[in-house]
Amino acid sequence: MTRAEAVNPAARAPVNKVYFMQNSQSSDAIIIGAGFSGLYLLHKLRELGLSVVVFERGGDVGGTWYWNRYPGARCDIESTWYSYSFSPELEREWKWSQRYAKQEEILAYAGHVADRFALRPFIRFNTRVDGAHFDERAQEWVVQTDVGATHRAPLLFAATGPLSDSNVPPLPGLNTFAGEIHHTGAWPHQAVDFAGKRVGIVGTGSSGVQTIPMVARQAAQTFVFQRTPQFVLPAEHREVSEEESARIRSDYAQLRTLQRSAPTGFWANPGPHRFFDVSSEERAEELERRWKNGGFAFLQAFTDMLTNEKANVEASAFVKRKICDAVNDPEIAARLTPTFALGARRPVLGDRYYETFNQTNVTLVDLKQEPIVGLTTDGLSTSQHHFPLDAIVFATGFDALTGAILKLNLKGRDGITIQDAWADGPKNTLGFMVHGFPNFFMLAGPGSPAVRGCVITSTEQQVDWLADCVAHMRRHRLATIESTAQSDQAWVETVNEAAGTTLTSTVDSWYLGSNIPGKPKVFMPYSGGFGVYRDICDNVARGGYERFTFSKAPAAAPAEQAAPSC
Ligand code: N01
């Protein structure tokens with residue numbers, strides 16, 4: 001890429017004094033996190049000519065794919081969609097080898113992007129942000145890290161990931177267990193050897209469903225501690241041939257158009273018919289066809305399958321029959337069968353998940369029947385049994401959407417803390433900004449649609465919008481932007497309204513924060529669809545960033561200076 005390509009001329013407006021600091025510990029912007037959203041944001045802000053520093057707690061780029069190295073980890077959205085769309089050159093040169101990329105391949109892709117766009121020099125790895133406060137006099141954020149450094153910048157971005165704050169349940173006796181303990185979201189970099197061991201796995205969400213069959217292949221005994229059974233759809237992994245890869249890469253322009261038109265940010269061949277507009281034979285045939293092909297396309301077989309109650313009951317019954325077919329013991333099959341509606345929780349893809357429970361070395365423990373009472377030095381106890389174990393894997397998910405942001409210990413205007421501002425749940429405008437926290441921006445956080453589909457599609461749109469917003473501020477010499485209290489409240493209402501139209505607000509899940517004891521139970525992601533969200537954001541920008549207030553930079557600012565690189 002040439003320098004000319006890298007620079008957006010529209011954004012090359014005079015840099016005002018507020019944005020330019022000589023101090024080596026200062027920059028125009030600080031980004032927290034070098035996952036997929038942080039990397040693209042860094043690239044865009046560099047294109048605008050800003051000096052940027054990124055703090056990343058991991059030892060490399062990749063975010064969730066740096067940490068989630070558990071056996072079987074791969075993306076459940078097909079690689080074609082789960083990839084950046086901002087660079088046609090990147091699309092042409094990167095070849096995905098599998099339908100759903102494995103963790104290693106996605107991490108390699110993140111590394112390739114960081115190198116290709118020369119992003120690494122701006123990232124400080126192994127550096128965790130522990131606190132940040134807004135200095136009102138200087139109108140800039142002061143950020144503290146665990147390496148003792150303080151860094152200042154007018155603009156602060158949290159690209160901390162929606163699912164990055166691992167949740168290890170505070171079980172009695174947790175610290176007394178003498179064996180190995182691992183969490184899927186913070187997996188060791190060295191291979192973990194379960195051969196010959198008695199392994200307990202707590203949790204049967206997306207991470208657990210991928211981990212369980214892999215551990216069961218190795219371990220002497222695997223005990224699966226299940227609190228809520230899931231609808232697990234077949235993924236149908238496969239290699240991508242050279243021809244298919246070439247076809248995808250040459251068709252990307254059309255594919256991205258399809259992708260952007262999908263409410264979930266990935267294309268899953270939505271069927272054109274309503275469930276009961278076709279005969280029962282045709283319905284069965286279509287469901288069977290999609291089941292065999294694998295993936296989330298099953299859920300889009302009919303336009304109203306997840307919203308029409310009768311249709312949902314019939315589709316759920318189809319999947320329940322598949323569970324019975326896969327599991328030899330009808331009692332175990334019954335325990336693996338969900339009682340909520342299909343699609344009411346985030347769907348899960350698996351690879352011979354149900355069949356794993358036919359293995360003689362696998363035991364399903366139903367925590368609804370016998371809850372965990374605690375850990376001992378040699379294992380895990382439920383209300384009815386004690387299970388001696390050599391290793392425990394917590395596939396217990398995350399303090400989703402808010403956990404990582406709360407851990408930044410932000411202090412905004414007038415010393416207000418993010419903990420106070422969000423005491424009743426995460427209020428914000430468009431998922432971007434919180435009243436009282438000028439120039440602090442979030443990506444893929446609460447109020448954004450990111451986790452309701454392909455996160456990369458969503459964060460690319462969010463980054464583009466934020467980069468335009470920053471360019472607007474520079475053009476108009478604006479020092480700060482902040483959402484109003486009214487617009488935060490209005491967005492909470494919009495998010496609730498959109499959630500009310502889906503099944504997902506009807507059952508407990510991490511969308512509502514109900515997996516974390518004491519967390520306010522508020523539906524957090526925006527569920528109105530990626531396209532609707534994009535239109536709302538674009539209209540706000542076109543309307544001169546209505547819903548936000550700006551403050552002007554001091555008049556004495558010099559006309560123009562080149563931004564330093566950090
Ligand atoms: O976490 P989860 P996850 N005692 O919260 C159980 C993305 N993701 O890491 O359902 C006993 O879904 C909990 O039980 P319950 C994806 O967006 C994507 O699996 O709360 N059990 C549940 O079974 C996904 O949705 C990919 O009753 C406890 C499990 O632990 C999101 O990340 C792969 C417990 C947690 O499931 C989170 O998935 C992985 C306790 N105290 C993740 N606490 C792919 O792309 C929790 N549980 C493939």
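Colleague: How many helices and strands does the protein have?
Modeller: The structure shown is a predicted model. Both kinds of secondary structure occur in the protein, and the count comes to 17 helices and 21 strands.

Colleague: What is the radius of gyration of the protein, and what does the globule rule give for 566 residues?
Modeller: For 566 residues the globule rule gives 24 Å, and the value for the protein is close to this, so the protein is as compact as a globular protein of that length. Along the principal axes, its C-alpha atoms fill a box of roughly 80 × 60 × 45 Å. The radius of gyration is 24 Å.

Colleague: What percentage of the residues in the protein are buried?
Modeller: A residue counts as buried when its relative accessible area is under 20%. The protein exposes about 23100 Å², of which carbon and sulfur atoms supply 51%. Of the 566 residues, the buried share is 57%.

Colleague: Into which domains is the protein divided?
Modeller: Each domain is built from two segments of the chain: 3–166 and 400–552 form domain 1, while 180–241 and 259–394 form domain 2. The C-alpha centres of the two lie 30 Å apart. Their contact takes 34 residues from domain 1 and 41 residues from domain 2. The division is therefore into domain 1 (3–166 + 400–552) and domain 2 (180–241 + 259–394).

Colleague: How far apart are the centres of the positive and negative side chains?
Modeller: The protein has 55 positive side chains and 61 negative ones. The centres of these two sets are separated by 3 Å.

Colleague: Is Ser458 buried or exposed?
Modeller: Ser458 belongs to helix H15, which covers residues 455–475. Not counting residues up to four places away in sequence, Ser458 touches Pro449, Ala450 and Phe530. Its relative accessible area is 1%, so Ser458 is buried.

Colleague: What distance separates the C-alpha atoms of Ser458 and Thr264?
Modeller: Along the chain, Ser458 and Thr264 are 194 residues apart. In the model, their C-alpha atoms are separated by 8.7 Å.

Colleague: Which residues is Thr80 in contact with, leaving aside its neighbours within four places in sequence?
Modeller: Thr80 is found in the loop between helix H3 (64–67) and helix H4 (88–93). With a relative accessible area of 15%, Thr80 is buried, because the cut-off for that class is under 20%. Its contacts are Ile248, Tyr252, Leu255 and Arg256.

Definitions and conventions: Residues numbered from 1 in each chain as written. Predicted model: local features only at pLDDT ≥ 70, side-chain atom pairs only at ≥ 80, totals over all residues. Heavy atoms only, no water. Helix = DSSP H or I, 4+ residues; strand = E, 2+ residues; numbered from the N terminus. Rg over C-alpha atoms; globule rule 2.2 N^0.38 Å. Buried < 20%, exposed > 50% of the residue type's maximum accessible area, 1.4 Å probe, protein only. Areas by Shrake-Rupley, 256 points an atom, 1.4 Å probe, with all protein chains shown as cover. Lys, Arg positive; Asp, Glu negative; His and termini not counted. Charge placed at Lys NZ, Arg CZ, Asp CG, Glu CD. Contact = heavy atoms within 4.5 Å.
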